[in-house]
Amino acid sequence: MEGQELPYVLVDCIGERLGVYEDHVGFLKKRFHLITMKEYLENKTVLSKKIRAIYMWYHKPAINEELLQSLPNLKVVASSGVGIDHLDLKLLSSYGVKVSNTPFIVSTDTADMGMALLLASSRRLVEGHEMAVSPDTEYFPADWLGVEVSGATLGIVGMGTIGYKVAERAKAFEMKILYHNRNQRKKEEESAVGAVYCKKIDDLLQQADFVLLAVNLTPQTHKLIGKRELELMKPTATLINISRGLVVDQDALVEALQNKVIKAAALDVTYPEPLPRDHPLLKLKNVIITPHIGSATKKTRWVMMEEMAESIEAGLAGLPVPREVLP
Ligand SMILES: O=C(O)[C@H](O)CO
């Protein structure tokens, strides 16, 4: 690369800062000439022809047709994470742009997050912490009953890589496992975690003490869990979402939680993200919300960054793009 100009890559910015982690910047700058969205907009005439890739960290910068039209030499979009619901793959392909993601590395951490939310909700971790640090609450042990995890039934909706990893973890917690998926898993995979297939989602919803969503967001899963589905759940059940906010009809969820149709919800994803400060979900005691941090550990995020850089370099060199997502 000595003496050669580094490829121009567009990244998002937050104010004057690059929209990526500080400790990723050095690695990326050795390989790419990073152009922030702000710099690009200020100097479009010169930069539009130079930019050859977009480093899309957590869905940003957003890509629309106007942006694609303005970047005639764009060849690759490297998107972080597994979900690609924020990308129009057909549109990108019609502009000759290849897309990659980082699906494998995020699954373990995201499954851990699912279990973390399940445990936090069932054992009232957030409420307990608030009480413990509050100077003027009196402690009555009898107030702090939670829901037992061991022996409870977990219903996993979406038994892909992440869903299956949740099942492996839940098995260690001695949970009974039901799952609903487009396709039934192989018998040996089912028996390894003791999971029972529910062809109909309704059967799972009616039996589970914890319903955990791990599906991709697609037109088929958009608002998959609405008023009807929430009403099928047990009044003692908890909904856990580690997939996408839009898999749940959020207004119906608010109503169900307010009216105790279900017991609680623990959500790593909402729509929008973050929720407006006056959103009714933020006022409910029986809800835990985290800011879409399923894969947010230092090691995983570093590997995601390396994989994205690798995909950009391969795509720009005309080589097969690792982890390419086809339209
Ligand atoms: O899909 C993922 O990996 C994360 O949820 C972020 O997009």
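**A close look at strand 7**

Guide: Strand 6 (residues 76-79) pairs with strand 7 in the parallel sense, over 3 bridges; strands here are DSSP runs of E, at least two residues long, helices are runs of H or I of at least four, both numbered from the N terminus, and two strands pair if DSSP finds at least two bridges between them. Within this pair, V77 stands opposite V99 of strand 7. Please keep in mind that this is a predicted model, where local features need pLDDT of at least 70 and side-chain atom pairs count only at pLDDT 80 or more, while totals for chains, interfaces and linings use all residues. Residues are numbered from 1 along each chain as its sequence is written, and side-chain values use heavy atoms, leaving out hydrogens and water.

Stepping back, the open sheet has 5 strands in the order 4-1-5-6-7, with parallel pairing. Strand 4 (33-36) and strand 7 are at its edges with a single partner strand each, so one side of each has no neighbour in the sheet.

N101 counts as buried because its relative accessibility is 8% (buried is under 20% relative accessible area, exposed over 50%, partly exposed in between, with a 1.4 Å probe and protein chains only). Leaving aside neighbours within four places in sequence, N101 is in contact (heavy atoms within 4.5 Å) with S79, G81, V82, I84, R323 and V325. The N101 side chain also reaches the backbone oxygen of V82, at 3.0 Å.

Note on methods:
A polar contact is a pair of N or O atoms within 3.5 Å; within protein, one must be able to donate a hydrogen and the other to accept it, and residues adjacent in sequence count only if both atoms are side-chain atoms.
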